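Here is a short report on selected local features of one protein model. Please keep the sequence and the structure in view while reading.

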Amino acid sequence: MSGVTWTPELAVLRGFPTEAERQQWKQEGVAGSENGSFLQLLLEGNYEAIFLNSLTQNIFNSTKMTEEKIDSYLEKQILTFLDFSPDLDKTQRQQLIFLIGVSSLQLFVQSNWTGPLVDLHPREFLPSVLFQQFSEVKGLDAAVLSLLILDGESIYSLTSEPVLLLLARVVLVTVRHRLTAVQSLPWWTLRYVNIHQQLLEERSPQLFALAEGCIDQVMKLENLFVGGAGRCLAIQFHLECAYIFLYYYDYKKAKDQFSIAKDLSKLQIDLTGALGKRTRFQENYVAQLILDVRREGDVLSDSEFSPAPTPQEHLTKNLELNDDTVLNEIKLADCEQFQMPDLCAEELAVILGICTNLQKNNPVHKLTEEELLAFTSCLLSQPKFWAIQTSALILRTKLERGSPRRVERAMRQTQALADQFEDKTTSVLERLKIFYCCQVPPHWAIQRQLASLLFELGCTSSALQIFEKLEMWEDVVICHERAGQHGKAEEVLRQELEKKETPSLYCLLGDVLRDHSYYDKAWELSRHRSARAQRSKGLLHLRNKEFKECVECFERSVKINPMQLGVWFSLGCAHLALEDYGGSAKAFQRCVTLEPDNAEAWNNLSTSYIRLKQKEKAFRTLQEALKCNYEHWQIWENYILTSTDVGEFSEAIKAYHRLLDLRDKYKDVQVLKILVRAVTDGMTDRSGATAAGLRGKLRELLGRVTSRVTNDGDIWRLYAHVYGNGQSEKPDENEKAFQYLCKAYKCDTQSRGWEKDITSFKEVAQRALGLARVAVKCSENKPSPQEAVQALSSVRLNLRGLASKAKQLFTDVASGEISRELADDVAALDATAGELQDLSNQFRNRY
């Protein structure tokens, strides 16, 4: 990679030149060269003219045409030009090819993302011999789309002008090693990855690996990020990286990149409360959630390196709510207090990025929606850039579709967003400002959102019309299935298959009819490259509980595309069902590698480790699971059991507290027994420390448990055990133990059927005798004889009642004698009751 940046590269990256750069190009003679004319057309947004230029047509034209793929042909023509061209030197040739590659990517984005519609046909710049293989342009498009399939994932069938993306791939990926004169090339390759990935059904490992390589390369180009120009570009770069990481489940790296971009912008962004009104008839101001944005450093908005705002009339209109009750926006009591600074493109993009990160890392919840609406209100209060305005409006419509008072606005707004693609009033140059920092969806995704909103509102025929026009057959099938028209869904798919057989259509037919033969047909048709076919076939086997076959299908699917999070998860579940815990551990390990915040996968991974007797690993994986989901009581339950197994008694106590927070009446006597034994016996924990130090924490826990679960004798006995079971040197501890044992005895005698079984009766009798011994010890330390007599009398009555019940229930009618098994116990009860009577009399004599 050359150490010197070609002067116009920074302008190409940001999409416009500064006045100083124009003057510099004139002095350097850039403007007058062939490259200069291409550069000018690119920066004016006149991408079609670059392809209609005679030089471009000469590069791609060839009278000879062998039977080869289109991408191979384009690559061969470009390499021929790079190796030899009499009019241009080597560096100029590389720069020219780079400009063609960037123009083809920008033109493809215009054709599918931003609009307005492109008036360029492949026949205008590609040789006629290339079209002889295809009877029509659609045939060429289909051939190109098949070349753009990666990792067995299908590509959207109505992608417009796909040959432009193919050309961009040839320049920015295939021959990039030959374009050493262009330093910023990896950044454009990263932008190509972002665009190509959005066309695929699933995430592509090939594209992610390419993106990671490009990010590393750009990070090393320090001279790109020098000075004021560099700061603006650095913010854009880190935002683009963040979106890539976010899409490929690497949430930690994405968060880091968003933080770097925020720090570079020197913005302080906080969600805060402010007094305001939401409705027309509200009399008092109440607290409202808003976004407070403040600058901490020098201003970026005055910078010549930041794009100039687009005139408001050229932006998508932010439609009014027009509700008779709810205000269009929050009316603040003190508008001056939260006055926002005038933000530039990069600053607005940072706010949008933080908003997107918040959305991806939080559950679907009313509070999350309110937070996101605070962000969208902030972004829409400064309408300046097409990409940011569009992104904010799309997010707001998604949030408003569930609100009865706002759903009409969501509907109208989505329609306006869908219509803007064909509107020619805003130039493509304006629409592409800050585009790669915003993740604007392709135009068909907006139309799909419109159709799904129509379907939710009951306009099924209108929704179907849009889905059919977009050739989104999966959504068409879902519409028919939800309407109960199963036959119609099948009929539509068979009609499309008559026109053209594709693996995805056969997969959909398999989904509708639940028939494996159609997935097999899709598999064969794709020449064993369709990850979707094996994925769908595996899911059908899983639904039918055919786990062995299901595992085989899923393994074939992830072999083609290893980035299928859902398939790895289902594969792990199938292995668990087959009791193949090694296989399930491997599958769930891949899940958490792809998505480190997947709590369910972490939990299931720990289950696999527990079954494999790898308890230490299970403990660590459950800790990760809880970081991802602190509210999932099943994970906490697994965690408490694993903590006691590995000797993490402190963590087990913490987990028990959390389970009481989540489930009011939660109890696990076995865990409490282990904890009490560990503390009273002074067992050593995982780190080698003695558990006796946790006595205070355990008492606190048992106090909380017994306040919730008052009718379990075992728990009361464990509580007494922690206080020494009445055998402590401290009188107050003995007193507490006595109280808890009394409550335990009461629970025992109030439970059903204990007196009908000799074994359980003997157990209760022994506990009563134990309680009597504790009563005697406690009576010695009572402050007054009256209290001692009261305690002894209560226990004596229990013993007498128990003895009489034994004689009543277990006396042989013929002999008149009590059952042999209980004879000794009854004698002990009577004797102890007599002793307590004598002791009580002694205390009475002290009155």
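The model is predicted.

Tyr192 belongs to helix H11, which spans residues 185-197. Is Tyr192 buried or exposed? Its relative accessibility is 1%, so Tyr192 counts as buried. The cut-off for buried is under 20%. Leaving out residues up to four places away in sequence, Tyr192 touches Leu105, Leu165, Arg169, Leu172, Val173, Leu207 and Leu210. Val144 is 48 residues from Tyr192 in sequence. In space, the C-alpha atoms of Tyr192 and Val144 are 16 Å apart.

Glu430 sits in helix H19, residues 428-431. Glu430 has a relative accessibility of 18% and therefore counts as buried. Which residues does Glu430 contact, leaving aside neighbours within four places in sequence? They are Thr310 and Trp386.

The table sets out the accessibility of both residues.

| Residue | Relative accessibility | Class |
|---|---|---|
| Tyr192 | 1% | buried |
| Glu430 | 18% | buried |

**The three-stranded sheet**

Next comes a sheet. What is the order of its three strands? The order is S2-S1-S3, the sheet is open, and the pairing is antiparallel. Strand S2 (286-295) and strand S3 (326-332) form the edges, and each pairs on one side only. On average, neighbouring strands of this sheet are turned by 45° against each other, direction ignored. Strands of a sheet pair through backbone hydrogen bonds, in either a parallel or an antiparallel sense.

Strand S1 covers residues 267-279. S1 pairs with S3 over three bridges, in the antiparallel sense. Thr279 stands opposite Val326 of S3.

**Packing of H33 and H34**

Helix H33 runs over residues 649-662, and helix H34 over residues 669-680. They pack at an angle of about 140°, and their axes are 11 Å apart.

H33 contributes Phe649, Ala652, Ile653 and Tyr656 to the contact. H34 contributes Val671, Leu672, Ile674, Leu675 and Ala678. By class, this contact of H33 with H34 has nine nonpolar residues, no polar residues and no charged residues.

How values were computed: Residues are numbered from 1 along each chain as its sequence is written. This is a predicted model: local features need pLDDT of at least 70, side-chain atom pairs count only at pLDDT 80 or more; totals for chains, interfaces and linings use all residues. Side-chain values use heavy atoms; hydrogens and water are left out. Helices (H or I, at least four residues) and strands (E, at least two) are DSSP runs, numbered from the N terminus. Buried means under 20% relative accessible area, exposed over 50%, partly exposed in between (1.4 Å probe, protein chains only). Contact means heavy atoms within 4.5 Å. Two strands pair if DSSP finds at least two bridges between them. Axes are lines fitted to C-alpha atoms, for helices over the stretch in contact, and angles run from 0 to 180 degrees between N-to-C directions. Ala, Val, Leu, Ile, Met, Phe, Trp, Tyr, Cys and Pro count as nonpolar, Asp, Glu, Lys and Arg as charged, and the others, Gly among them, as polar.
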